[in-house]
Amino acid sequence: MIKIESAKKTFGSLTVLDHIDLTVEPGEVVSILGSSGSGKSTLIRCINGLEKLNGGAISVDGFDVSRPKELAEARKRSGTVFQLFNLYPHMTALQNLTLAPIEVLKRPKAQAEAEARALLESVGLGDRADFYPAQLSGGQRQRVGICRALAVNPRYLLLDEVTSALDPEMTAEVLRILAKLAEEGTTMVFVTHEVEFARTISSRIVFLDKGRLVVDLPTERFFAADGGMANPRVAQFLSNMRKD
Ligand SMILES: Nc1ncnc2c1ncn2[C@@H]1O[C@H](COP(=O)(O)OP(=O)(O)OP(=O)(O)O)[C@@H](O)[C@H]1O
Ligand SMILES: [Mg+2]
C-alpha cells in the first residue's frame with residue numbers, strides 16, 4: 001500500500017502540504033480533488049520522491065521514499081503520468097515503452113518489445129509503435145505515456161491531470177483507457193478536475209484545501225449532502241466546477 005503519514009512540505013515560508021495522512025490500499029481508485037494551488041501535484045511529486053518532505057513519512061509497499069536506496073524500489077512499484085507529455089522525443093512509441101523494462105528491469109529486448117506492443121494494442125495504438133511523439137496527436141501521446149508507466153508493471157499508477165492539456169475528444173479517449181484500467185483492478189491515485197469522471201471510477205475521493213486534507217470519503221458519501229458536501233469548501237468547489 002501507499003502510506004502517507006503526517007506529510008509536511010514547505011517552500012520557504014509557504015506550507016504546501018500540512019500534515020497529510022492518506023493510505024491507498026491495492027485495488028482502490030482514489031481521486032484527489034481540490035482548487036488550483038491546494039497541493040495536489042506536490043503530493044504526487046512527494047510520493048514518487050521528486051520532492052522531499054519537511055516532515056512525516058511516505059512509503060510504497062513499505063519502502064521509504066526518503067531513503068535513496070528504497071526510493072528505487074518504491075518507484076518500480078508506482079508508475080507516474082503527468083499533465084504534460086514527457087515522452088522522449090527522439091524515441092519511437094515502442095522505444096519509449098521498452099526503455100525502462102530493458103534498462104531497469106533487465107528484461108530481454110524481444111520480451112520487452114512484445115509486451116510493449118501488447119500494451120499499445122490495448123489502448124488502440126497497435127499501428128503507431130514506430131511513430132515518434134511529434135507524429136502523434138495529444139491524446140495518442142498521453143495514451144503512450146500511460147502505457148510507458150504501465151510497462152514496468154507497477155502496482156500503483158499515479159496520474160496528475162493527465163487530460164487537462166487535451167481537447168474534449170482526446171480527453172474522452174484517455175478517460176476510456178483509465179476506466180478500463182480501473183475495471184481491471186489497477187490501483188490508481190488520480191488527480192483531476194474531471195469531477196464527473198472521478199465520480200464514476202473512484203472508490204474514494206479526498207479533498208485538499210490549502211495543503212490540508214479536509215475530506216476523505218467513499219465516493220458516494222463524498223457527493224452526499226450530509227457527507228463531503230457538508231464541507232463548505234467542497235460544496236463551493238463542486239458548484240464552481242459545474243458552472244464551467
Ligand atoms: N518548486 C516550488 N517552489 C515554490 N512553491 C511551489 C513550488 N511548487 C509548488 N509550489 C507552490 O505550492 C502550492 C501548491 O502547488 P501544486 O502544484 O501542488 O498545486 P495543485 O493543487 O497541483 O494546483 P493545480 O490544480 O493548479 O495543478 C502552490 O501555491 C505553488 O505555488
Ligand atoms: Mg497540479
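**Figure 1. The buried residues of helix α5 are G138, G139, Q140, Q142, R143, V144, G145, I146, C147, R148, A149 and L150.** This is a predicted model, in which local features need pLDDT of at least 70, side-chain atom pairs count only at pLDDT 80 or more, and totals for chains, interfaces and linings use all residues. Residues are numbered from 1 along each chain as its sequence is written, chains are lettered from A and ligands numbered from 1 in the order in which they are written, and side-chain values use heavy atoms, with hydrogens and water left out. Helices (H or I, at least four residues) and strands (E, at least two) are DSSP runs, numbered from the N terminus. Buried means under 20% relative accessible area, exposed over 50%, and partly exposed in between (1.4 Å probe, protein chains only). By that cut-off, 12 of the 13 residues of α5 are buried, and the helix is mostly covered. Helix α5 spans residues 138–150. From first C-alpha to last it reaches 18 Å, close to the 18 Å expected at 1.5 Å a residue. The expected span is 1.5 Å times one less than the number of residues. The buried residues of α5 pack against β6 (78–81), α3 (93–103), α4 (109–122), β7 (156–160) and α6 (168–183). Contact here means heavy atoms within 4.5 Å.

**Figure 2. Six strands form an open, mixed sheet.** The strand order is β6-β7-β8-β3-β9-β10. β6 and β10 (212–218) stand at the edges with a single partner strand each, so one side of each is left without a neighbour in the sheet. The twist averages 15 degrees from one strand to the next. Two strands pair if DSSP finds at least two bridges between them. β7 and β8 (residues 187–191) pair in the parallel sense, over 5 bridges. Within this pair, L159 stands opposite F190 of β8.

**Figure 3. Helices α2 and α5 meet the sheet at β6 and β7.** Helix α2 (residues 68–77) lies across both strands and runs at about 70 degrees to β6. Helix α5 packs on the sheet and touches β6 and β7. The direction of α5 makes about 165 degrees with that of β6. Axes are lines fitted to C-alpha atoms, for helices over the stretch in contact; angles run from 0 to 180 degrees between N-to-C directions.

**Figure 4. Four strands form an open antiparallel sheet.** The order is β2-β1-β4-β5. β2 and β5 (63–64) are the edge strands, and each pairs on one side only. Strands β1 (residues 2–11) and β2 (residues 14–24) run antiparallel and are joined by 7 bridges. K9 has L17 of β2 as its bridge partner. β4 and β5 pair antiparallel over 2 bridges. There, V60 is bridged to F63 of β5.

**Figure 5. Ligand 1 is surrounded by 13 residues.** The closest are S36, G37, K40, S41 and T42. A residue is near a molecule if one of its heavy atoms lies within 4 Å of it. A polar contact is a pair of N or O atoms within 3.5 Å; within protein, one must be able to donate a hydrogen and the other to accept it, and residues adjacent in sequence count only if both atoms are side-chain atoms. An N or O atom in the side chain of S36 is 2.6 Å from an oxygen atom of the ligand. Backbone atoms also take part: a polar one of G39 is 3.0 Å from a ligand oxygen atom. For S38, a backbone N or O atom lies 3.2 Å from an oxygen atom of ligand 1.

**Figure 6. G49 is a buried loop residue.** G49 lies in the loop between α1 (40–47) and β4 (55–60). G49 counts as buried because its relative accessibility is 10%. G49 and V65 are 16 residues apart in sequence, yet their C-alpha atoms are 5.7 Å apart in space. Leaving aside neighbours within four places in sequence, G49 is in contact with L71 and R75.

**Figure 7. T98 sits in helix α3.** At 7% relative accessibility, T98 counts as buried. Not counting residues up to four places away in sequence, T98 touches A112, E113 and A116.

**Figure 8. Y132 lies in the loop between α4 and α5.** Y132 counts as partly exposed, at 36% relative accessibility. Residues up to four places away in sequence aside, Y132 touches P89, H90, M91 and T92. The C-alpha atoms of Y132 and A112 are separated by 18 Å, with the two residues 20 apart along the chain.
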